[in-house]
Amino acid sequence: MSDHDYRPKSKVGQWFNDRLPLLTLANHLTDYPTPKNLNYWWTFGGILTFCLITQIVTGLTLAMHYIAHADMAFESVEHIMRDVNYGWLIRYIHANGASMFFLAVYIHIFRSLFYGSYKAPREIIWIIGIIIYLLMMAAAFMGYVLPWGQMSFWGATVITNLFSAIPLVGEGIVTWLWGGYSVDNPTLTRFFTLHYLIPFLILGLVVLHIWALHVPGNNNPVGIDIKKPSKDTVPFHPYIVIKDGFALLMFMIVFAFFVFYAPNILGHADNYIEANPMVTPAHIVPEWYLLPFYAILRSVPDKLLGVVAMLSAILILAVLPWLDTSKIRSAVFRPLYKQFYWILVADVLILGYVGAMPAEGLYLLIARVATAYYFLHFLVILPVLGFKEKTLPVPLSITEPVLGGSPNLAAARNKESKIE
Amino acid sequence: MSEKKTKRRDFLFTATTAVGAVGAAAVVWPMIDQMNPDASVKALASTEVDVSSLTPGNTLTVLWRGKPVFIRRRTQEEIDEARKVKMEDLIHPEKDEDRAKNPEWLVMLGVCTHLGCVPLNDKGDYNGWFCPCHGSHYDTSGRIRKGPAPWNMEVPKYEFVNANTIKIG
């Protein structure tokens, strides 16, 4: 990839770099050749890095004031909101930051699905990404438990009870997770510990994710392999840095809107009632970003199979590179896949909607159809489509459709402009 | 000669790996087991409840091991209703006689066997309990009649210490 024969200009730089080649790394990151046709959907990697750092910084500061004890957690959160200087701001950034993090990660994942970024040679990047996503869900769930409100308590009860569906050892596992016979203080303290740990695991995996990305380089909207560096690439700095920076600013406007104007709109009012093991709230729902999976869980009438279906819905993504048999990456050149892609997007949104509704009557029926379609998409449509679909001709380079020389010029340009 | 040496080396490898694996397991187990209920949690294993103020047709909810326990002093109607149910109508067949030794008193964990919510009293299609989370209906014996819950509400170990006191656990 980048030239490893880089040599710092200054004597001190050379002396340092010969002993620890950090400057070589910095040079690689700034010169890193990037496809010049990357659109704004590619800016979410940078946005996600920002989200992770924001969660770690606000989380560390909250931890200075929060008390992980069943008798004091709820009050300490109220103490943060009312007494701690700017505590309300830090907590609202952290709470809404989780939602923003998931918003960005869903866009990031669906960008990969559209442009086939998970395909060879980028399978490892994709799988690391799925592990990061799983860890994000674990961190978000445990973080939601910490304020020790009614939703915290009952969310923790319902989710940990999912493990009781496992035959024979299920009850033992649940008791082990709880450290008692119900969700209680031992559960809270261990959730706090793990909630603190997981972001750093994610940080490590992000480094691997980017490392694995820098081996083949970025995919791009045309989805073809490009020569690096060449006429088809631009250096990461300043071109991508500026573009990412601008997108980040736009994203922060949305973020700030939630923090300052609607800080509780994504939460649940019941979580401002202290946890009470004697009373269950009338309607338990997870945070919005977990709703599609919750809908899948509830759409299956059997307890164990419901849990299996929910987990499969996530884990099926990890084998996606092998389920999609098409050699063409970008949906731009896959007229049928493009349609199924948008049906899948709609399907997941519908699952999210019915996940927030009571599991009865029409909602239940819709949830079942949408769950079946979700699996149909990955297990039947994608493998078959790779063989049956007649794809459009793919250009030989990024510049080719623009500068001419291709017999398929019109088709490629037409398709590309539609996407951007 | 060389073959013999290889065998001795193999033995060393196997022995070292085996001892190493046992050692690793011995270190890992305490790390896993520390998460199980500790002595102070287990020490709260039993609770004594004064039920003298409970009149027929009312339920007392007490906390035992962090979970609600329903103590229901049933009316004669409720007992009759629970006892006349046919076993084949039940999802999880249990006789009311086995669930409530003393028919007037029904003691059970107030925890829905689906995903652990607390069912509501005097609600549902069977005049017993109704779980608001995912819609499970229980009868006057706390048996599951309709909905996603797989089992009846659990009857814990309990005994009457005297006429007015129940010891749970």
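# Notebook: chains A and B

I began with a loop. Y86(A) sits in the loop between α4 (73–82) and α5 of chain A. I looked up its backbone angle. Phi of Y86(A) is near 60 degrees, which is a positive value in a residue other than glycine. I note here that the model is predicted.

**Entry: cis peptide bonds**

Next I looked at two prolines. The peptide bond from A120(A) to P121(A) is cis. Its omega is near 5 degrees. I placed P121(A) in the loop between α5 (87–115) and α6 of chain A.

The peptide bond from K228(A) to P229(A) is also cis. Here omega is near -15 degrees. I found P229(A) in the loop between α9 and β2 (233–235) of chain A.

**Entry: α6 against α7**

Then I turned to two helices of chain A. Helix α6 (residues 123–145) of chain A packs with α7(A) at an angle of about 135 degrees. Their axes are 7 Å apart. Are the two helices parallel or oblique? Angles over 145 degrees would count as roughly antiparallel, and 65 to 115 as roughly perpendicular. The angle here is about 135 degrees, so α6(A) and α7(A) are oblique to each other.

I listed the residues that meet. From α6(A) come F141(A), Y144(A) and V145(A). From α7(A) come M151(A), S152(A), G155(A), A156(A) and I159(A). I sorted the residues of this contact by class: six are nonpolar, two are polar and none is charged.

**Entry: where chain A touches chain B**

Last, I looked at the interface. Chain A gives 23 residues to the contact, and chain B gives 26. The area buried between the two chains is about 2200 Å². Carbon and sulfur atoms give 65% of that area. Which residues of chain A lose the most area to chain B? I found W176(A), Y181(A) and M278(A). Together they make up 35% of what that side buries.

Across the interface of chain A and chain B, the rule finds zero salt bridges. I did find seven residue pairs in polar contact between the chains, both residues at pLDDT 80 or more.

Which elements of chain A give two or more residues to this side? They are α7 (150–161), α8 (170–178), α9 (185–214) and α11 (291–299). The largest share, four residues, comes from α7(A). I also noted the classes on the side of chain A that touches chain B: 13 nonpolar, seven polar and three charged residues.

How values were computed. Residues are numbered from 1 along each chain as its sequence is written. Chains are lettered from A and ligands numbered from 1 in the order in which they are written. This is a predicted model: local features need pLDDT of at least 70, side-chain atom pairs count only at pLDDT 80 or more; totals for chains, interfaces and linings use all residues. Side-chain values use heavy atoms; hydrogens and water are left out. Contact means heavy atoms within 4.5 Å. Buried area is the accessible area (1.4 Å probe) that two parts lose on being put together, summed over both. A salt bridge is a side-chain nitrogen of Lys or Arg within 4 Å of a carboxyl oxygen of Asp or Glu. A polar contact is a pair of N or O atoms within 3.5 Å; within protein, one must be able to donate a hydrogen and the other to accept it, and residues adjacent in sequence count only if both atoms are side-chain atoms. Ala, Val, Leu, Ile, Met, Phe, Trp, Tyr, Cys and Pro count as nonpolar, Asp, Glu, Lys and Arg as charged, and the others, Gly among them, as polar. Axes are lines fitted to C-alpha atoms, for helices over the stretch in contact, and angles run from 0 to 180 degrees between N-to-C directions. Angles under 35 degrees count as roughly parallel, over 145 as roughly antiparallel, 65 to 115 as roughly perpendicular and the rest as oblique.
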